[in-house]
Every structure is written in C-alpha cells, then in structure tokens.
Amino acid sequence: MNYREIKLANGKIVTLERFKMEFIYDGILVGKPSKVMNDRIISDAIKKFNQNKVLVLIDDAYVSEELLKPIMFTAEFTSQPINDNEGIFDGSYLNIIWFSNDFKTSSIDKIIANLKFEYDNEALNFQF
C-alpha cells in the first residue's frame, strides 16, 4: 500500500504507513472461539509490532463474551511530533488494532475515520 494522508475523526491528519485486515477465526481447525483463544489472538497481534507502542481498541471488539468480531484491522500511523516545544523529534507514531463485523461497505479512509481515539494522547515521538 502506498503511504497516504488520512483524516481522523477528531480532524487530525496522519500518514497511514501500513494497513492490514485479517479474518481472525479462519484458521481454526479444532474447537471454537473462547476467551483464552481471543486473548492469544490479541497478544500475538501486539507482538507483531516488536515492542512498539500499540493501542488496542477493545471496548467494541466483542460480539459476545466468547466471540470477537470476525475481522481484525491493524494500522500504523505517523504524524508530526507531539508537544515538541524544543524541536528535537522527527515525528510521532502509533500502531492500532481494532475489530469489526464488516469491511465491504467502506473504503479504508472511512473505516479509519470512524475510529474513536485521540492520536495526540496515545502516540509517541521518535527521532531518526
């Protein structure tokens, strides 16, 4: 995917560095979804970011106590530094994981624009 600017729900402009969608229960051969399985799915997704900052939007992730929404999205964002009064940082970044029931009715821009989070409160600054 090419990098592109995205406008978040709060109006913040960020650069979408990477976007991924996956069906989380497609590989189940034995058993059924459970809290333990879901915790492992989320933990494994977080590990893929190599100890970088990850925000998991979990409030609206579950269909029931044992069942996550079937689609997991991950996105990597960058933007201008946050609260960098001394001008020492090159930018800021935030990785996000969230879940959904559907993806066919929206573009990537619309899917991301509907997310409820405050980039400036969650992102971390970086230096090259």
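Hello everyone. Let me start with a strand: β6 gives the most to the lining of the second largest pocket, contributing six residues. Strands here are DSSP runs of E with at least two residues, helices are runs of H or I with at least four, and both are numbered from the N terminus.

Before going on, a word on what we are looking at. This is a predicted model, in which local features need pLDDT of at least 70, side-chain atom pairs count only at pLDDT 80 or more, and totals for chains, interfaces and linings use all residues. Residues are numbered from 1 along each chain as its sequence is written, and side-chain values use heavy atoms, with hydrogens and water left out.

What do I mean by a pocket? On a 1 Å grid over the protein atoms alone, it is an open set of points where a 1.4 Å probe fits, with protein on both sides within 12 Å along at least five of seven lines; lining residues have an atom within 4 Å of a point. Points are joined across faces, edges and corners, and the volume is the space filled by probe spheres set on them.

Back to our second largest pocket, then. Its volume is about 360 Å³. Of the 19 residues lining it, R18, K48, F49, E76 and N95 lie nearest the centre. The elements giving two or more residues to this lining are β2 (13–23), β6 (71–79) and β7. By class, we find eight nonpolar, five polar and six charged residues. Here Ala, Val, Leu, Ile, Met, Phe, Trp, Tyr, Cys and Pro count as nonpolar, Asp, Glu, Lys and Arg as charged, and the others, Gly among them, as polar.

Now the largest pocket, with about 420 Å³ of space. Its lining has 20 residues, and D60, W98, F99, N114 and L115 are the ones nearest its centre. Two elements, β7 (91–100) and α2 (108–113), each give two or more residues to that lining. β7 gives the most, with three. The lining divides into nine nonpolar, five polar and six charged residues.

Finally, let's step back to the whole chain. It has three helices and eight strands, running β-β-α-β-β-β-β-β-α-α-β from the N terminus. The C-alpha trace spans about 55 × 30 × 25 Å along its principal axes. How much of the chain is buried, meaning under 20% relative accessible area with a 1.4 Å probe and protein chains only? Buried residues make up 36% of the 128.

Conventions. Buried means under 20% relative accessible area, exposed over 50%, partly exposed in between (1.4 Å probe, protein chains only).
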